[in-house]
Amino acid sequence: MVFPLPTILLQTFLLTISVAIESSVFYARCQVSRKTSVEYALTINLISACVGWVFFFYIEPFLSPTLKIQLVTYIFLNQLGEGSLSLIFMIGFVLFWANFAIKLISLNLFNKIIDSAYPLKAESENDLEEDSRYYTRKIKKAPERRQAMAVLWGHSYSHSVILLVLWLKDI
């Protein structure tokens with residue numbers, strides 16, 4: 001049995017980068033405390049990583065032998081086979097959006113579980129109506145939309161930095 005210590009260490013490093021970047025985005029865009037933003041970022045990133053690995057180990061037995069060898073070789077040994085660069089880009093694009101969806105769903109579930117303990121919950125409708133900017137257009141889902149945009153921006157920033165780190169690692 002092979003224990004993929006370099007993969008585990010790289011995953012831990014990339015999660016640390018993601019949590020740091022996404023928590024700063026939550027802090028800036030959602031007006032929450034630093035502690036709360038770190039808790040949110042850590043929770044959604046850990047859930048996303050766990051779901052990703054479970055999905056990988058679930059789908060891996062169903063792949064063709066050639067694709068399985070290419071994927072496992074890239075993930076565990078960091079070596080690209082012939083013609084697998086386009087496959088990696090395609091998988092990366094799909095994973096970016098799937099990861100974003102998982103993070104958004106986890107944040108919504110986390111909000112429902114924690115309920116009133118954190119200030120990221122929706123403001124009351126009266127508070128929105130009192131503000132003259134929101135009076136003419138009734139925005140009932142402004143906090144959820146703000147959260148979704150914060151997740152998208154944080155996710156984009158963290159993946160950009162992760163791509164840069166992976167590129168620098170291969171140089």
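Q: Hi! Where is Gln 31 found?
A: Gln 31 is in the loop between helix 1 and helix 2, the latter covering 34-59. Bear in mind that this is a predicted model.

Q: Is that residue buried or exposed?
A: Gln 31 is exposed, and its relative accessible area is 56%.

Q: And what's the phi of Gln 31 near?
A: Phi of Gln 31 is near 50 degrees, a positive value, and this in a residue other than glycine.

Q: Switching to the annotation: which residues does UniProt mark as "transmembrane region"?
A: The unreviewed UniProt entry gives that annotation to residues 6-28, 40-59, 83-102 and 148-168.

Q: How much helix is there over residues 6-28 in the model?
A: Residues 6-28 are 100% helix and 0% strand, with 33 Å between the end C-alpha atoms.

Q: What about 148-168?
A: That span is also 100% helix, with 0% strand. Its end C-alpha atoms lie 30 Å apart.

Q: How many salt bridges turn up in the whole structure?
A: A search of the whole structure gives 1. The side chains of Lys 103 and Glu 22 form a salt bridge, at 2.6 Å from N to O. This pair links distant parts of the chain, since Lys 103 sits in helix 4 (residues 85-114) and Glu 22 in helix 1, 81 residues apart.

Q: Why would two such side chains pair at all?
A: Side chains of opposite charge can pair when their charged atoms come close.

Q: Is Lys 103 buried or exposed?
A: Lys 103 counts as buried, because its relative accessibility is 2%. Glu 22 is buried too, with a relative accessible area of 3%.

Q: Back to helix 1, then. Which residues does Ser 23 contact, leaving aside neighbours within four places in sequence?
A: Ser 23, which is in helix 1 (residues 5-30), is in contact with Ser 18, Ser 37, Val 38 and Ala 41.

Q: What does the side chain of Ser 23 reach at 3.1 Å?
A: The Ser 23 side chain reaches the backbone oxygen of Ala 20 at that distance. Ser 23 is buried as well, with a relative accessible area of 9%.

Q: Now helix 4. How far apart are its end C-alpha atoms?
A: They are 42 Å apart. Helix 4 has 30 residues, so at 1.5 Å a residue it should span 44 Å, and the two values agree.

Q: Which residues of helix 4 are buried?
A: The buried residues are Leu 87, Ile 88, Phe 96, Asn 99, Phe 100, Lys 103, Ser 106, Leu 107, Phe 110 and Asn 111.

Q: What does Leu 107 touch, not counting residues up to four places away in sequence?
A: Leu 107 touches Phe 26, Tyr 40, Ile 44, Gln 147 and Val 151.

Q: And which residues of the largest nonpolar core touch the most other members?
A: Of the 13 residues in that core, they are Phe 26, Cys 30, Tyr 40, Leu 107, Ala 150 and Val 151. At least two residues of this core come from each of helix 1, helix 2, helix 4 and helix 7 (142-170). Helix 1 supplies the largest share, 4 residues.

How values were computed. Residues numbered from 1 in each chain as written. Predicted model: local features only at pLDDT ≥ 70, side-chain atom pairs only at ≥ 80, totals over all residues. Heavy atoms only, no water. UniProt positions renumbered as here; feature names shortened; annotations may be inferred. Buried < 20%, exposed > 50% of the residue type's maximum accessible area, 1.4 Å probe, protein only. Polar contact = N/O pair within 3.5 Å; in protein donor to acceptor, adjacent residues only side chain to side chain. Contact = heavy atoms within 4.5 Å. Salt bridge = Lys/Arg side-chain N within 4 Å of Asp/Glu carboxyl O. Expected span 1.5 Å × (residues − 1). Core = buried A, V, L, I, M, F, W, Y, C linked by side-chain atoms within 4.5 Å.
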